[in-house]
Protein chains: 2
Amino acid sequence: MGSAEFDPTAGAPAVAVDIGGTKVEAALVDPRGHVLSGTRRRAATGGATSSDGLDAAVLEVVTDVLTGNVARAAAATSGLAGIGVACAGPVDDATGLVTPINLPAWRDHPLRAVISAAPAVVDSGAAVVLRRDGVAIAMAEHWSGAGVGVDDMIAMVISTGIGGGIVLGGRVVPGNAGHIGQIEVSEHIGEPSLGSRTTLESVASGPHTVAWARSQGWSGSTGEELAIAVSDGDPIAQRAVDRLVDVVAQGICSACALLDVDLVAVGGGFARVTDDLVDRIAHRVSQHPLPYVASTRVVPAALGDTAPLVGAAAFVHRPDLLPR
Amino acid sequence: MGSAEFDPTAGAPAVAVDIGGTKVEAALVDPRGHVLSGTRRRAATGGATSSDGLDAAVLEVVTDVLTGNVARAAAATSGLAGIGVACAGPVDDATGLVTPINLPAWRDHPLRAVISAAPAVVDSGAAVVLRRDGVAIAMAEHWSGAGVGVDDMIAMVISTGIGGGIVLGGRVVPGNAGHIGQIEVSEHIGEPSLGSRTTLESVASGPHTVAWARSQGWSGSTGEELAIAVSDGDPIAQRAVDRLVDVVAQGICSACALLDVDLVAVGGGFARVTDDLVDRIAHRVSQHPLPYVASTRVVPAALGDTAPLVGAAAFVHRPDLLPR
């Protein structure tokens with residue numbers, strides 16, 4: 001969210017890297033969680049890309065950031081704090097191997113080792129810390145977003161998929177914890193996702209919600225079109241949003257019954273399909289019969305699409321939020 | 001599970017108290033997790049009992065244990081380590097107020113204060129530590145049961161209700177976390193539980209499984225009768241167990257997708273409805289498409305019906321397993 005000019009007195013910036021199903025981004029992020037102006041780089045990934053092609057995309061953006069003017073200025077003054085990498089899951093924290101669901105070319109791929117061996121990374125002397133992207137988003141919202149001061153929280157994203165991360169006792173839960181899209185929901189059937197049609201993601205992801213609306217006779221084909229149709233009063237589009245509210249609230253209630261958190265921050269592009277989507281989900285959660293579930297605050301995520309980068313930087317800048 | 005004679009050289013025992021929907025139990029438990037022989041006391045509770053009646057039942061068993069021969073011998077030699085109380089949830093750890101779902105006479109009831117003020121407790125000088133029963137069960141299985149050495153685990157109970165507790169990073173998750181019976185499941189409709197017919201508990205608790213079998217034409221009325229009918233080859237009873245396996249495996253997969261634990265210990269009387277129930281659940285979980293879910297070990301709980309007492313004692317003997 002916040003961006004800033006590089007200021008060597010603010011402390012050494014981190015290189016933050018976010019690797020997802022459609023793109024890889026990297027940027028410098030300072031110790032206050034601000035993305036440094038002019039440092040953000042992006043390259044395409046995609047489920048059809050080969051493993052070598054994915055590696056090349058990652059190394060291109062990382063090298064671009066490390067050899068850019070701002071990184072060179074930082075190296076000469078404050079130094080670089082390290083390299084934080086957020087990758088789509090599952091991820092093995094201990095080995096640095098990644099197996100992203102939506103990047104099939106990578107299965108037990110040694111991503112941490114690949115990045116660590118890149119010449120620009122070796123030259124920088126910076127260490128690489130790799131975690132799952134949902135872990136990054138949860139750390140980011142807890143560090144400088146909607147969850148500041150809330151020690152027990154979930155951050156989730158409704159987008160092409162549905163995922164997230166968990167903070168308990170003021171520290172992020174490591175590994176693959178937070179895959180909220182993979183929990184079962186009742187009374188709805190969606191499109192196949194990981195072999196199931198009854199998980200939160202299979203019912204309520206952006207593409208699957210669009211597919212449901214089309215199955216009911218709606219003629220659009222994107223989430224953006226669905227958002228317009230809702231605001232135009234299209235009854236099928238409105239029912240699609242009603243269904244989305246119902247099933248996301250269900251998923252949040254299940255997670256909150258299991259985890260007893262105080263806050264759920266909901267982000268991702270599809271969470272903006274209507275202006276009041278998160279408010280409507282919050283209202284549904286507030287009606288749960290268990291008081292400790294009903295009292296959970298459900299709020300919009302604060303960091304928008306910089307959350308994974310800010311969280312990747314937090315792997316470096318805020319090790320106190322990682323598990324002991 | 002283990003029981004032992006009092007031995008002052010083994011260290012000061014704790015008074016352990018377990019308060020549930022049908023009974024309250026108390027006993028002395030030594031620092032190794034052994035229930036001391038001859039110290040276990042029990043009184044009835046029940047959903048129709050008044051608040052004063054419940055208090056009286058609790059204070060009766062606690063006083064009986066504290067004034068018994070073994071406690072007096074301990075007080076004169078090793079001393080008493082403290083009083084650990086496990087209560088049906090929800091429980092507010094900070095205030096010591098309890099609101100057990102199945103004891104409607106208690107709503108925000110100051111249980112910790114009531115026990116702390118009992119004359120025998122005041123005389124003993126022992127402090128009272130109160131937590132939810134599912135937290136106790138998870139601590140017990142991690143301390144001395146099926147989860148020894150496993151830092152990320154769930155312990156759950158299938159009985160009149162379905163509940164449990166969570167250990168992450170070698171420490172129990174506090175508060176109400178672990179209410180696995182309250183998560184949604186797909187493709188099954190059960191009996192109403194907390195206003196829902198689509199949670200794990202509403203579909204798969206002992207009484208609700210029996211009710212389903214009866215709805216299909218089975219003529220028995222208890223879990224014990226259902227167990228016999230299964231072993232006799234009754235097709236409806238067998239289908240009831242198939243349904244139980246399916247839905248409990250679903251609930252475990254949801255919890256494991258969200259939490260990335262390594263082990264789930266399954267206990268409770270209804271988990272013994274067939275000898276192979278937990279093995280069948282484990283097999284279903286092993287087929288999950290997410291490898292980190294499929295690799296979760298699902299095993300029988302080891303401590304049987306002493307788990308809540310052993311866990312309540314762990315509140316005193318193993319503060320290192322409680323949150324920092």
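Which residues does A:Asp260 touch, not counting residues up to four places away in sequence? In this predicted model, A:Asp260 touches A:Asp152, A:Ala255, A:Tyr292, B:Pro174, B:Gly175, B:Asn176 and B:Ala177, a contact being heavy atoms within 4.5 Å. Residues are numbered from 1 along each chain as its sequence is written, and chains are lettered from A in the order in which they are written. Local features need pLDDT of at least 70, side-chain atom pairs count only at pLDDT 80 or more, and totals for chains, interfaces and linings use all residues; side-chain values use heavy atoms, without hydrogens and water.

A:Asp260 sits in the loop between α9 (235-259) and β13 (263-267) of chain A. A:Asp260 is buried (under 20% relative accessible area, 1.4 Å probe, protein chains only). A:Asp260 has no salt bridge (a side-chain nitrogen of Lys or Arg within 4 Å of a carboxyl oxygen of Asp or Glu), and the nearest side chain of opposite charge, B:Arg132, is 6.8 Å away. A polar atom of the A:Asp260 side chain lies 2.6 Å from the backbone nitrogen of B:Asn176.

The interface takes 31 residues from chain B and 31 residues from chain A. Together the chains bury about 2600 Å², 69% of it on carbon and sulfur atoms; this is the accessible area (1.4 Å probe) that two parts lose on being put together, summed over both. In chain B, B:Glu184, B:Leu258 and B:Leu290 lose the most area to chain A, together 23% of what that side buries. The count of salt bridges between chain B and chain A is zero.

Key. Helix = DSSP H or I, 4+ residues; strand = E, 2+ residues; numbered from the N terminus. Buried < 20%, exposed > 50% of the residue type's maximum accessible area, 1.4 Å probe, protein only. Lys, Arg positive; Asp, Glu negative; His and termini not counted. Polar contact = N/O pair within 3.5 Å; in protein donor to acceptor, adjacent residues only side chain to side chain.
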